[in-house]
Amino acid sequence: MISQIFSLAFLAQTIRITVPYSLASLGGVYSERGGVVNIALEGIILNGAFCATVGTYYTGSPLFGVVCGIAGGLLTALIHAVVTIHVKADQIISGIAINLFAVGITKFVLEILFHSSSNSDRIPGLPHIHLGFIENQPDVARLLGNPLVLATILIVVASQFIIFKTRFGLRLRAVGENPEAADTVGISVVLYRYLGVLISGALAGLAGAWLAFDQHSFTDGMSAGRGYIALAAMIVGKWNPMGAAAACLLFGFAESLQIQLQGAGMPTQFIQMIPYVATIIVLAGFIGKAVAPGADGVPYEKEK
Amino acid sequence: MPYAIELLNITKRFARTVANDNVTLKVSAGTIHALVGENGAGKTTLMETLYGLYQPDGGEIRIHEKKVSIRSPHDSISLGIGMVHQHFMLVPPLTAIENIVLGAEETKNALLDLKRATAELSELSSRFALTVPLDEKVENLGVGIQQRVEILKAIYRKADILVLDEPTAVLTPQESVQLFRILSELKAEGKTIVLITHKLNEVMSISDHVSVMRRGKIVGEVETASTSPQDLAQMMVGRPVLLRVEKETRQPGNPVLVVNGLSHVDRRGITVLKNVSLEVSSGEILGIAGVEGNGQSQLVECIAGLIKPSSGSITIDGIQIVGLNAREVFARGLAHVPEDRLKRGLVVDMDIKENLILGMHTQARFSSRLALRRKAIKENAELLITKYDVRPMNSEALTRGLSGGNQQKVIIARELSRAAQLIVASQPTRGVDIGGIEFIHRTLVQARDSGKAILLVSADLNEILSLSDRIAVMYNGEIVRIFPDNRIEESELGMYMTGSKQSEEKGASNG
């Protein structure tokens with residue numbers, strides 16, 4: 001039974017779940033390192049998925065769909081940025097509003113374009129790179145050859161460098177920890193906070209695109225809480241790109257375990273607890289205290 | 001001598017107040033210019049305007065005799081102006097060097113390049129005796145070192161004008177001496193320094209010129225050599241001020257507070273109090289001198305019932321109070337002026353009259369079974385406001401909007417109205433201006449004269465020396481020495497405060 005569970009298919013399942021978590025979670029890292037709490041990730045994922053679906057459906061090009069997904073994420077994040085950075089509204093309220101707005105607008109446009117309140121027409125998936133070694137398992141090969149899987153791994157590693165080793169990263173962290181200090185050395189707090197939120201929009205939009213291509217369609221409310229799980233992973237990963245991705249991998253693993261075990265005759269209530277129990281054990285036992293950036297969630301007032 | 005800075009007719013208004021009213025200040029190049037004045041006189045606003053954090057509503061700024069427009073710190077930095085703010089502008093989780101280069105970083109292949117900066121900084125460090133562990137996170141550095149990081153930050157940006165806002169407020173006497181040595185070095189290199197302060201002895205010892213501000217205006221400008229602390233104080237406050245506390249010697253009565261063998265291990269497992277024993281008698285002020293963070297706060301919190309000590313006993317008038325909560329300790333005769341007035345002294349979003357009954361709100365005179373007695377609360381407030389000269393004289397003003405000195409007066413009024421035998425006052429005049437300090441000191445001495453026992457904790461050595469009847473020095477969680485009177489040199493106290501004196505004596509007795 002163990003070998004059945006931990007098969008190549010299981011690995012594929014884990015990756016399939018982990019990719020969108022990781023992308024959105026990294027988005028959270030960029031936004032919150034700059035000092036803006038972004039619970040709008042949920043809505044951004046949904047809008048990204050919708051835009052990717054529409055873009056692909058009307059052009060037939062999944063690549064263009066990916067671009068649309070990112071653009072949809074960027075635009076949604078831009079709303080959050082304007083509301084929280086310029087207008088200095090409460091970041092949680094703005095996030096909730098955007099999440100509710102995304103549910104409504106996607107359903108509305110879905111009805112107009114596809115004459116359905118539940119799902120879009122079918123779209124093609126992303127073309128995959130042919131990997132020689134597992135062609136006997138076509139599903140797994142298709143997944144591991146997916147360019148977005150490779151892109152996600154690259155983005156995770158690159159983000160670790162960007163946040164901790166580059167000028168941009170240093171300034172972003174400074175703006176999120178102590179915006180006044182950044183301001184007094186001539187760094188534009190507004191600029192860096194915008195950049196942080198917009199990058200998070202692009203990444204969460206990409207996460208949405210992944211969901212759309214994975215299901216070959218858009219379905220109503222398909223983000224299904226992934227934005228919130230991504231935020232939890234970001235905290236478990238202590239606002240570090242690699243840490244957040246590792247936490248997402250753990251969540252992905254626990255979730256696929258849950259899916260596998262559902263067929264194995266165990267009580268489903270017990271099985272459904274697995275991802276959450278795993279989270280609590282990891283949080284309490286291994287991670288230690290997670291400290292948020294000093295000015296996370298606090299709008300910056302220039303002249304007080 | 002040419003002017004490095006000319007601020008001409010600067011006016012800066014905030015919502016309802018005029019922070020700077022047509023202010024003109026000229027600073028000669030290569031000099032140290034002190035800017036003194038009470039809190040709220042507009043010194044910091046003026047300098048932050050120079051630094052580009054505020055845009056003036058009127059006036060002109062000239063740097064090295066050229067008219068300039070400073071729209072942001074970016075502009076002022078490129079004009080060679082650096083500022084060390086009173087609350088350091090550092091990012092705690094970043095390392096010292098990351099803080100120093102922030103905003104002026106060099107990169108190589110898209111990555112940060114700290115090597116060149118390291119070399120340049122070690123040269124600057126040795127030239128000005130500004131030693132800093134560059135790779136340590138700022139949150140792990142002491143305040144004295146953090147200040148050096150701030151100074152290095154300015155010099156690294158090639159500042160030749162350096163503004164320091166109340167730089168010694170957080171320093172020990174030794175650290176202040178070191179700072180002044182650094183400032184003299186900088187002056188010798190031709191840099192121009194503006195020093196905001198309200199400590200007049202500092203002004204006298206290091207500055208070349210002094211400008212005095214009061215209520216948003218410059219009210220005096222003199223050469224340091226031709227003035228005295230007394231004259232400066234009078235200019236600052238606008239009336240003659242007693243710089244010395246007038247106090248007669250008194251014979252103390254019976255012990256009120258007795259602390260015996262008090263030890264405490266905090267949550268991190270660090271021993272913060274080691275076998276502390278002391279007594280404070282009725283009619284005396286025991287001053288506790290020490291660099292902050294050497295156990296004074298924990299000692300006070302143990303006495304006030306805010307933390308439970310690991311071992312030892314504390315009695316007030318012979319009654320054991322260890323294990324009692326804060327309200328029970330108050331009932332045994334404690335009055336407590338906490339060190340952080342915003343965190344523990346006041347509820348800033350409540351008004352003056354409400355703050356004046358905090359902790360007494362359950363007493364029958366202020367509260368019936370069902371509701372507060374509003375009339376009694378208001379009368380109480382009006383009485384105390386008059387007695388303690390709290391401004392504004394409006395019992396319904398929110399305490400948030402009061403100046404530091406008036407906030408402190410509200411707390412002192414409340415605590416002294418408790419009719420307690422023991423007064424524990426922590427940093428009672430921190431951030432309070434000269435006029436307020438004079439009043440608070442007089443009030444504490446009066447309380448002593450009326451037979452109260454007072455435990456005074458202060459980082460301000462002048463305050464300790466002028467108020468205390470006896471002085472205890474705390475270092476590293478221990479009382480290292482108790483002096484039977486206050487006739488002791490500041491420098492000697494300083495040596496006990498930093499632990500250097502204690503080890504000498506131990507060495508001598510061992511040898």
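Select helix α14 of chain B and show its buried residues: B:Gly405, B:Asn406, B:Gln407, B:Gln408, B:Lys409, B:Val410, B:Ile411, B:Ile412, B:Ala413, B:Arg414, B:Glu415 and B:Leu416. Keep in mind that this is a predicted model.

**Stop 1: helix α14 of chain B**

Colour residues 404-416 of chain B to see the whole of α14(B). How many of its 13 residues are buried? Twelve are, which leaves α14(B) mostly covered. Here "buried" means that 20 or more other C-beta atoms lie within 10 Å of the residue's own.

Next, draw a distance from the first C-alpha of α14(B) to the last. The helix reaches 18 Å, close to the 18 Å expected at 1.5 Å a residue.

What covers the buried residues of α14(B)? Select β18 (334-337), α11 (341-345) and α12 (352-355) of chain B, which are among the covering elements.

**Stop 2: the six-stranded sheet of chain B**

Now show the sheet that holds those two strands. Its order is β18-β19-β20-β15-β21-β22 (chain B). The sheet is open, and its pairing is mixed. In general, strands of a sheet pair through backbone hydrogen bonds, either parallel or antiparallel.

Which strands stand at the edges? They are β18 and β22 of chain B. Each has a single partner strand, so one side of each is left without a neighbour in the sheet. Turn the view and follow the twist: from one strand to the next, it averages 20°.

Walk through some of the pairs:

- Select β20 of chain B, residues 453-457; five bridges join it to β19(B), and the two run parallel. Within this pair, B:Val424 has B:Leu455 of β20(B) as its bridge partner.
- Select β15 of chain B, residues 284-289; it pairs with β21(B) in the parallel sense over four bridges. Here B:Leu286 stands opposite B:Arg470 of β21(B).
- Select β22 of chain B, residues 478-483; five bridges tie it to β21(B), and this pair runs antiparallel. B:Arg481 in β22(B) is the bridge partner of B:Val473.

Stay on β21(B), residues 470-475. Five of its six residues are buried, so the strand is largely enclosed by the rest of the structure. Follow the chain into the hairpin of β21(B) and β22(B), where two residues lie between the strands. B:Asn476 takes a positive phi near 60° there.

Select α9 of chain B, residues 296-303: it lies across β15, β19, β20 and β21 of chain B. Its angle to β19(B) is about 150°.

**Stop 3: the four-stranded sheet of chain B**

Move to the other sheet on this tour. Four strands in the order β2-β1-β4-β5 (chain B) form an open sheet with antiparallel pairing. The edges are β2 (18-28) and β5 (66-68) of chain B; each has a single partner strand, so one side of each lacks a neighbour in the sheet. Neighbouring strands are turned by 25° against each other on average, direction ignored.

Pick β4(B), residues 58-63, which three bridges join to β5(B). B:Ile61 stands opposite B:Val68 in β5(B).

**Stop 4: where the chains touch**

Show both chains. The contact takes 21 residues from chain B and 17 residues from chain A. Which element gives the most to the side of chain B? It is α2(B), with three residues. On that side, 14 residues are nonpolar, five are polar and two are charged.

**Stop 5: chain A**

Now hide chain B. Chain A has 14 helices and zero strands. Its radius of gyration is 20 Å, close to the 19 Å that the globule rule gives for 304 residues, so chain A is as compact as a globular protein of that length. Of those 304 residues, 49% count as buried.

Finish on α3(A), residues 41-59. Is it enclosed or open? 17 of its 19 residues are buried, so it is largely enclosed by the rest of the structure. Just after α3(A), A:Gly60 takes a positive phi of about 75°.

Note on methods: Residues numbered from 1 in each chain as written. Chains lettered and ligands numbered in written order. Predicted model: local features only at pLDDT ≥ 70, side-chain atom pairs only at ≥ 80, totals over all residues. Rg over C-alpha atoms; globule rule 2.2 N^0.38 Å. Contact = placed C-beta atoms within 7 Å. Nonpolar A, V, L, I, M, F, W, Y, C, P; charged D, E, K, R; others polar. Pairing = 2+ DSSP bridges. Axes fitted to C-alpha atoms, helices over the stretch in contact; angles between N-to-C directions. Expected span 1.5 Å × (residues − 1).
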